[in-house]
Amino acid sequence: MRHLRLTTLACASLLLPSSLAFAQNAETTAPAEPNPAPATEPPAPDASRPTPPRLIESIEPVYPESQRASGHSARVGLTLKLDETGNVSDASVTESGGPDFDAAALEAARRLRFEPARVGDRAIPAKIPFRFDFQLAAPPPAPVVVAPPPPPVAAPGSEATLDVEVEGDRPPREPTKRVLSQEEITKIPGTNGDALKSLQNLPGVARPPGLDGSLIVRGSSPRDSDVFIDGTEVPLVYHFGGLSSVVPSEVLDRIDFYPGNFGPEYGRISGGVVDVGMKGPQKDHIGGLLQFDLIDGRVLVQGPIGSKTRFMLGGRRSWVDAWLGPVLREGGVQVSTAPVYYDAQAMVEHDVTKDTTLRLFVFGSDDKLKLLLSSPDASDPANGGDVLLHTGFSRVQLSADTRFSPELRWRNMVSVGHDVEQVGLGNLATNTRINALNLRSDLRAQLSDVVALNGGLDIQTGTYDVAWRVPPFDIDSGDFGGPAFGRPVTELKADGTWLRPGAYAQAEITPLPGLKLLPGVRTDYVRDSSQWTVDPRLGLRWDFYPSSLRTTLKGGIGVFHKPAEPYETIRPFGNPDVRSERALHYSLGVEQELARPLELSIEGFYKDLSNLVVSTPSTATESGVDYANLGKGRTYGAEFLLRFKPEGRFFGWVAYTLSRSERKDAANEAWRLFEYDQTHMLTALGSYKLGRGWQMGARFRYVTGSPYTPNIGGVMDYDAGVYAPLQQQPEYGSRLPAFSQLDVRIDKTWDFESWKLSMYLDVQNAYNRKNTEDISYNYDFSQHKQAQGLPILPVLGIRGEL
Amino acid sequence: MNRSLTPALLLGALALTACGATFDPGTQVDSLRVLAVRADQPFAHPGDTVHLSSLSYDPQGRPLEWAWAACPSPAGSSVEDCLDQVRASAAGGELPLLASGPGVDSVDVPVPADLLDAIPVQGREQALAGVVSVACPGTLDVLSVDSRIPFRCTDADGNELGLHDMIVGIKRLFLRETEVNQNPVIDNVTFDGEVWPADEVKEVDGCVTDDFDIDDCELERHEIAAIVNPASTESGVDEFGRDFHEELIVQHFTTDGVFEDEVRIADDPETKWAARASASGTTVTVWFIVHDDRGGVSWTSRRAQVR
């Protein structure tokens with residue numbers, strides 16, 4: 001996202017005449033001279049213009065043995081990332097020639113060496129297109145190396161035309177950032193290709209219960225973490241609370257996940273951050289995809305409009321209603337609207353100048369169901385009558401990215417949107433409508449080789465209109481403390497505006513090669529509670545090379561304030577005297593490259609939480625609940641990640657977290673387990689390209705059971721006519737049994753001339769383990785049983801892609 | 001603005017509804033039960049005396065000893081909020097006992113004239129007083145201990161009985177200045193579409209079902225319904241100026257039988273019921289208990305002889 005860009009055109013090899021592309025052919029010609037000297041020497045470096053990298057050591061790719069019998073030719077387009085020394089630090093496939101050829105091309109690409117790109121005398125990282133052509137005929141081929149052409153000398157009065165994207169290596173602004181690639185996102189078994197569910201496989205991320213899609217990061221409450229899509233905070237992450245994310249994986253470019261100690265550009269969060277980047281529409285040709293599986297169907301179309309504009313249109317609809325509707329009707333439920341969800345995305349990108357790109361992105365999601373339960377729930381008759389659930393949001397986001405110079409970049413974003421949540425259960429209802437405006441402006445300046453500055457504004461404002469008619473309840477857990485039927489209800493309404501401006505600044509100081517110090521500060525104002533907060537933060541990353549392999553020390557310490565939820569501060573729902581919650585993050589760790597694609601990361605963390613908002617029943621408030629900053633919390637542990645990056649046929653990792661999360665609701669209370677505590681979290685997964693379009697993967701997970709509060713008996717609630725549970729004290733004193741599960745996935749892809757067909761089978765819970773998700777009780781809580789989760793579940797999907 | 005957990009919780013509740021129970025249903029009354037407690041005035045006014053009466057059944061026919069205590073100003077409206085106040089009172093040796101003794105299955109509850117005065121105006125929409133009742137099939141003692149259930153129930157042999165063997169319950173009295181709520185009125189009960197008089201004992205066949213599954217009883221089941229007087233569904237504007245429209249439900253219980261639906265909305269009360277073959281040669285009782293969602297309750301029962 002925050003790159004130094006000198007020109008705007010990527011994927012140059014696909015648009016330029018082939019003679020200008022970096023290409024290497026395996027052909028049936030006699031061996032030719034490798035690396036023929038260019039006809040002219042490259043021009044003397046111009047301090048104001050970039051000098052592109054120059055190939056100085058070529059490598060022959062090995063023609064795949066598996067393809068020799070077929071005699072196929074193939075072209076593999078790559079994007080190479082070069083570091084300041086001219087070594088290839090990363091390579092990715094932009095034009096696939098098939099899995100076997102791709103793997104051979106990637107393996108060879110990493111051994112290429114270049115004279116690095118330069119600005120003046122300073123070597124800088126770069127990103128270039130590259131291509132290998134594979135062609136086989138008897139006798140066995142010998143490589144012909146085509147050296148890259150010299151950069152053209154600008155004729156008087158003309159513009160330089162070499163289209164190379166030179167990318168300043170984005171210095172990480174956080175000690176720990178985990179990045180998942182598209183391939184990892186879409187091929188991890190057990191996630192059905194869902195991007196955000198793939199995060200659950202990373203260290204520090206707990207497994208949420210059952211169908212719940214909550215993001216639980218380093219023992220934090222889900223409400224303490226946030227998800228951004230291209231810088232816009234998203235109010236709903238999953239359809240129906242956990243079925244599938246609201247943005248399909250196909251339109252994502254990457255997911256950046258910060259488990260803690262993130263930079264000051266993110267605020268109002270005390271847990272973790274997920275920043276999802278949207279893919280720009282493809283530039284070279286119109287393409288699309290169509291996919292169907294057990295749960296939903298999706299369509300996507302994208303491509304260029306002229307040379308400077310690109311578009312993308314996508315949509316998805318579930319068909320859970322097709323099979324769930326009849327199931328509900330069979331159960332005696334009158335169905336007006338069976339559960340259905342939609343989401344849609346539309347994007348237009350336009351290159352205003354070679355330095356400025358405008359992007360308009362519109363996206364949204366909608367979930368709805370409407371039922372009539374003539375036979376209410378026997379355990380709480382409030383669950384009956386007319387049942388309505390409708391949640392949705394939409395955003396229109398306009399962003400402009402301007403690169404004044406290689407050292408100065410300015411990004412602006414404005415987004416407007418609408419959120420709606422309607423829940424109805426008989427006479428009980430909540431209705432929330434929000435209009436949201438988000439403004440972000442981010443300026444980055446490279447002042448010298450040693451210092452860069454980044455600063456910006458982050459403003460959230462909008463209007464709200466909320467009405468609810470419910471008995472007082474704990475909103476976070478949804479717990480009424482027993483049946484809701486027959487209880488006095490509160491009827492509350494409020495409308496108004498909210499304002500939460502924030503500003504931040506961060507320096508990136510590189511006193512020594514590979515050492516980055518990241519001091520920063522953020523300040524926020526919360527108008528609900530008339531409170532200013534200041535969050536100083538300091539991060540450190542030190543990359544060094546005791547051998548050819550990288551070692552990184554990383555650490556951070558910082559203050560993170562999170563405003564209380566609106567219902568906790570805005571009258572008549574809450575208490576305007578409630579202050580923001582506060583977290584102190586401490587982390588220290590090391591990353592070690594063990595071999596080229598294999599890396600080990602170990603990190604310890606500690607979080608100190610204070611001013612946590614605690615709710616108590618109260619007859620002194622309209623809502624029946626009062627809030628105060630009485631709570632405290634602490635989370636500590638260690639994360640281990642052994643990762644094999646997706647640079648060849650295989651990717652995978654083993655992630656293990658040892659963690660403890662505790663809370664107390666008052667200073668004089670004893671510590672108790674937090675409801676989201678999970679002591680051991682182990683995930684081992686891998687995926688391997690077998691060749692001929694086959695890919696197979698597996699994932700094993702083991703997670704400590706979640707804490708829960710047993711019921712020790714029942715007390716009759718004579719107004720509901722049913723028993724209410726009598727809970728053991730203190731809360732969360734017991735644990736469910738541990739969870740373990742094996743998921744297996746197999747993909748098959750057929751490559752045709754102009755399109756691709758893929759099928760996959762994702763078998764979740766392959767050995768049908770009966771995992772306990774909850775404890776269920778009989779009518780008077782005198783008996784209990786373990787409630788099992790999903791059994792073995794095969795999901796079949798099919799996708800066509802242009 | 002943060003995401004709500006409500007959608008996932010709602011789906012979970014619906015899943016329970018759609019999937020059915022895995023235990024014997026609560027409609028089967030085969031142990032000591034107190035099925036309902038009714039206030040002659042669901043809405044109590046300061047200075048009033050409210051009469052509470054109970055509907056109980058013990059298959060063993062044991063004499064019951066009762067205790068009734070007050071939680072006059074609980075912090076909230078949940079059962080545990082009332083018990084927390086009981087605990088605090090009991091620990092101080094000052095449990096406000098209203099009545100106790102063998103067969104005391106009803107009680108008069110005086111509502112202090114100043115009870116509403118202590119509640120801020122903004123909290124009066126949820127103002128209530130609670131009454132705790134305990135029914136013990138033996139000897140009941142009231143304890144001065146730091147406990148949410150400061151009662152001890154012992155059987156004839158002196159063995160202490162646990163919470164599952166005695167019945168503890170909470171009845172709320174909604175506190176209002178002037179507003180009144182009527183208990184619902186059950187006009188009649190129907191059996192296979194015909195009125196089922198209260199004094200008529202129907203003759204029915206017993207159904208063999210171990211799973212309490214009405215689908216096992218195609219030949220033995222009958223359509224029954226408690227017909228609630230339409231005027232019982234009150235609506236209007238309450239004393240706080242809020243529009244309201246009551247929701248009424250009908251709960252079903254039986255000494256030995258199976259229902260298609262344990263609960264129905266009063267607007268659509270028909271359900272199916274079959275006596276079980278295990279009751280052959282005996283008389284079974286079917287109870288219909290109607291609740292409105294503002295503390296009102298009424299009940300009726302019918303009997304059937306199982307061939």
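1. Let's start with one residue: A:Ala91 touches A:Thr79, A:Leu80, A:Leu106, A:Ala109 and A:Arg110, leaving aside residues up to four places away in sequence. Contact here means heavy atoms within 4.5 Å. A:Ala91 sits in strand S5 (residues 88-95) of chain A, and it is buried, with a relative accessible area of 6%. (Buried is under 20% relative accessible area, exposed over 50%, and partly exposed in between, using a 1.4 Å probe and protein chains only; helices, H or I of at least four residues, and strands, E of at least two, are DSSP runs numbered from the N terminus.)

2. Before going on, note that this is a predicted model, where local features need pLDDT of at least 70 and side-chain atom pairs count only at pLDDT 80 or more, while totals for chains, interfaces and linings use all residues. Residues are numbered from 1 along each chain as its sequence is written, chains are lettered from A and ligands numbered from 1 in the order in which they are written, and side-chain values use heavy atoms, with hydrogens and water left out.

3. Now the core. The largest nonpolar core has 37 residues, and A:Leu199, A:Ile255, A:Val274 and A:Met278 have the most contacts inside it. Strands S14 (226-229), S16 (252-258), S17 (273-278), S22 (356-373) and S34 (650-664) of chain A each supply at least two of its residues. Apart from it lies another core, of 30 residues, including A:Tyr777, B:Ala39, B:Leu64 and B:Val111. (A nonpolar core is a set of buried Ala, Val, Leu, Ile, Met, Phe, Trp, Tyr and Cys residues joined through side-chain atoms within 4.5 Å.)

4. Have a look at helix H4 (residues 320-330) of chain A too. Its buried residues are A:Val320, A:Asp321, A:Gly325 and A:Leu328. They cover an arc of only 105° around the axis, so they lie on the same side of H4(A); the arc is that of the directions from the helix axis to the C-beta atoms. On the other side of H4(A), A:Ala322 and A:Glu330 are exposed.

5. A cavity, on a 1 Å grid over the protein atoms alone, is a set of points where a 1.4 Å probe fits but cannot get out, and lining residues have an atom within 4 Å of a point. Of the 28 lining residues, the closest to the centre of the largest cavity are A:Arg469, A:Arg487, A:Val489, B:Asp293 and B:Arg294. Strand S18 (residues 243-245) of chain B gives the most to this lining, with three residues.

Methods
On a 1 Å grid over the protein atoms alone, a cavity is a set of points where a 1.4 Å probe fits but cannot get out, and a pocket is an open set with protein on both sides within 12 Å along at least five of seven lines; lining residues have an atom within 4 Å of a point.
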